[in-house]
Amino acid sequence: MKRNILFALMVACLAFALPARAQLVIEITSGSDQLLPIAVVPFGYSGASPLPEDVAGIVDADLQRSGVFETIPRANMLSLPSTSENVFYRDWRLLKADYVLVGSVSNNGNGTYRISYELLNVLTQARVGKREALDVKPSNFRDAAHFISDKVYEQLTGIRGAFSTRILYVTAEGNKAAPTYKLQVADADGYRPQVIVSSKEPILSPSWSRDGRKIAYVMFRNRRPSIFIQELATGKQQQLTQFRGLNGAPAWSPDGKKLALVLSKDNNPEVYTLDIATRQLERMTNHYSIDTEPSWEPDGNGIIFTSDRGGNPQIYRVDVRTKNVERITFEGELNTRARLTPDGRYLVTVQKNDGNYHVALQDMNTGRVQVLTETYLDESPSIAPNGSMVMYATSDRGKGILSVVSVDGLVKYRLPSADGDVREPAWSPYFN
Amino acid sequence: MSVTKLGKFAVIGLSAAWLAGCSTTASDSDTSSMTSEGSEASSTDSTYAAGEDGSLNSVIVDDQAAAQTSADLLAGVATVFYFDFDKSVVRPEAREALAKHAQFLMENPSARIVLEGHADERGTREYNMALGERRAKAIMRYLTIQGVPAAQIETVSFGEEVPVAFGHDSSSWQLNRRVEVRYE
């Protein structure tokens, strides 16, 4: 079995010309005690050639990380059915599984494989939804697995799954005094990392367009920052701003036409919007204090941003049309770099209390604030497109790592990097 | 400081003009005793004045020579200035070195500096970009008050992206909260 996996990894390496080893290794650090128990049975396969990936294993890991499920360890399984006809529900009741996912893989002989799966309810002994089948190329096994995870998650929670999404992040590798900065994109589980840009000068603030096709980021060139946008599919890069002073914090508008950004060309940091097609700038804020870290409301009517106009940095909202500004955070010594959940219900900030920086969640309806994390030097929170989880950067034994916490604060896991500092995560939108 | 400096230039300018006038008067007059005494005095003074005057002129005419003289001014002068946490106030101990940078920049109008502001790792990255810029601007303001034209100064912030100390403690943070003066 182990040999098969090794061989499968080698095949995968050849197929993708990419490291199949995950750069980020997931460690579950704590969990809720109200998780839904599910058994993801290894998918049946009778072919001679090894499979590129263990589909059920990927689904199991996805669901385990979701903050909703608790998966039954394979070692405890009493039987390994691959279709509903072969399921003995008694076996799963003994293991206290509420649901069972079974499936199988077969070689179509034309370079593709058929992956079929069924989700079963142990209590009712009935299938949830239909038996589904996917025909995929070997290079798409991980995509197929994340697709199945999304389906299971949605069928059992009513919320769209976010396992098929991706993350952007920045790594700093090598000599600390002169590192190489890399902007990378990977699957949401950290697998299949690809370097988008590599530079000896700093890269920060990656941001996705709402359709997931383009990204914006800040990169230094000749010791000065500029905002760049780039098409992921073609790699086509465009330098968008190069004003004197700050060129920072790009954030794509919901309609994809504008970027909110920060410039200090008129003396101090102000939030502007830039129409990408016409290059027209519109100033949103006008205050001698620091105004930065803009982020759009889901409907595009307002931009939330950080300002120290009240003394300490707090979160404010500016109305895009009237330019009226109102303060929206009041708890904590300071609040910075806010992001709203896709439904606009919760505001996630980096909050400082007693000298510690943590990710906090503010209910926009009730104003109630909950500190979600207890790690060290937390920053850059980014919310999954289904609003279920927040990925953020933190520090562990002097090294920058990414960590994830569920919006209820109950489930936490880390994605420590194999080497170098990892920072500035940006969770993608849905791709379709 | 700048007032004193301007005053000194004004005095030298005046004395040069006065000497010029004086020597004209002297050449016009024909008394040998006066000439000898006058020429002694004027030659010493004019040599001194010419030297000062020459360097004053050379600021405009001969950049290289001036740069050489002025470069000595910056020998051993600090180029990194530190700040308190979340503050952008120029510390008193920075003033002497900044005055020397100001003098150099005023004596070399073609010289350009970039003030590179930095923050420690605490707080969010883009906020720290703004904080680093605020520190660079504080140094810039100090220099412009000394009389340095703003056109000679550019401010750039690196936020927390380029630390020089890599610990996660107050001594490292102190070293990272800084503005570096870089001559272009």
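One rule before you click: two residues are in contact if their C-beta atoms, placed from the backbone, lie within 7 Å. With that in hand, select Val390(A). Setting aside neighbours within four places in sequence, Val390(A) is in contact with Val348(A), Val359(A), Leu372(A), Pro381(A), Ser382(A), Ile383(A), Val404(A), Val405(A) and Val407(A).

Some housekeeping on what you're looking at. This is a predicted model, where local features need pLDDT of at least 70 and side-chain atom pairs count only at pLDDT 80 or more, while totals for chains, interfaces and linings use all residues. Residues are numbered from 1 along each chain as its sequence is written, and chains are lettered from A and ligands numbered from 1 in the order in which they are written.

**Colour by confidence**

pLDDT is the predictor's confidence in each residue, from 0 to 100. Chain A averages 91, with 92% of the residues scoring at least 70. Now select residues 1-23 of chain A: the pLDDT there is below 50, and beyond near neighbours in sequence this stretch has 27 contacts in the model. Chain B averages 73, and 62% of its residues score at least 70. Its residues 1-62 have a pLDDT below 50, with 28 contacts in the model beyond near neighbours in sequence. For the model as a whole, the scores are ipTM 0.89 and pTM 0.84.

**Chain A, zoomed out**

Helices (H or I, at least four residues) and strands (E, at least two) are DSSP runs, numbered from the N terminus. Chain A has four helices and 31 strands. Its C-alpha trace spans about 70 × 45 × 40 Å along the principal axes. The radius of gyration, taken over C-alpha atoms, can be checked against a globule rule of 2.2 Å times the number of residues to the power 0.38. For 432 residues a compact globule would come out near 22 Å, and chain A agrees at 23 Å.

**Going inside**

A residue is buried if 20 or more other C-beta atoms lie within 10 Å of its own, exposed if 12 or fewer, and partly exposed in between, with C-beta atoms placed from the backbone. By that count, 48% of the 432 residues in chain A are buried.

Next stop, the nonpolar cores: sets of buried Ala, Val, Leu, Ile, Met, Phe, Trp, Tyr and Cys residues joined through C-beta atoms within 7 Å. The largest has 75 residues, and Val390(A) from our first stop joins Leu261(A) as the residues with the most contacts inside it. Strand E12 (residues 214-221) of chain A gives the largest share of this core, six residues. A second, separate core of 39 residues includes Trp92(A), Tyr117(A), Leu120(A) and Phe147(A).

Select 55-65 of chain A to bring up helix H2, where 10 of the 11 residues are buried. Among them are Val55(A), Ile58(A), Asp60(A), Asp62(A) and Arg65(A). Gly67(A) follows H2(A), with a positive phi near 85°.

Then pick Tyr191(A), in the loop between strand E9 (180-187) and strand E10 (194-199) of chain A. Is Tyr191(A) buried or exposed? Tyr191(A) counts as buried because it has 20 C-beta neighbours inside 10 Å. Its C-alpha atom is 9.1 Å from that of Arg142(A), 49 residues away along the chain.

**Where the chains meet**

Bring chain B back. The contact takes 29 residues from chain A and 20 residues from chain B. On the chain A side, the elements giving two or more residues are strands E11 (203-208), E15 (247-252), E19 (291-296), E23 (334-340) and E27 (376-383). E27(A) gives the most, with three residues.

Ser205(A) is in E11 of chain A, and its phi is near 55°, positive in a residue other than glycine. Glu293(A) is in E19 of chain A, and its phi is also positive, near 55°. Ser205(A) is buried, with 26 other C-beta atoms within 10 Å, and Glu293(A) is buried with 31.

**Last stop: chain B**

Chain B has six helices and four strands, running α-α-α-β-α-β-α-β-α-β along the sequence. Buried residues make up 31% of its 184 residues.
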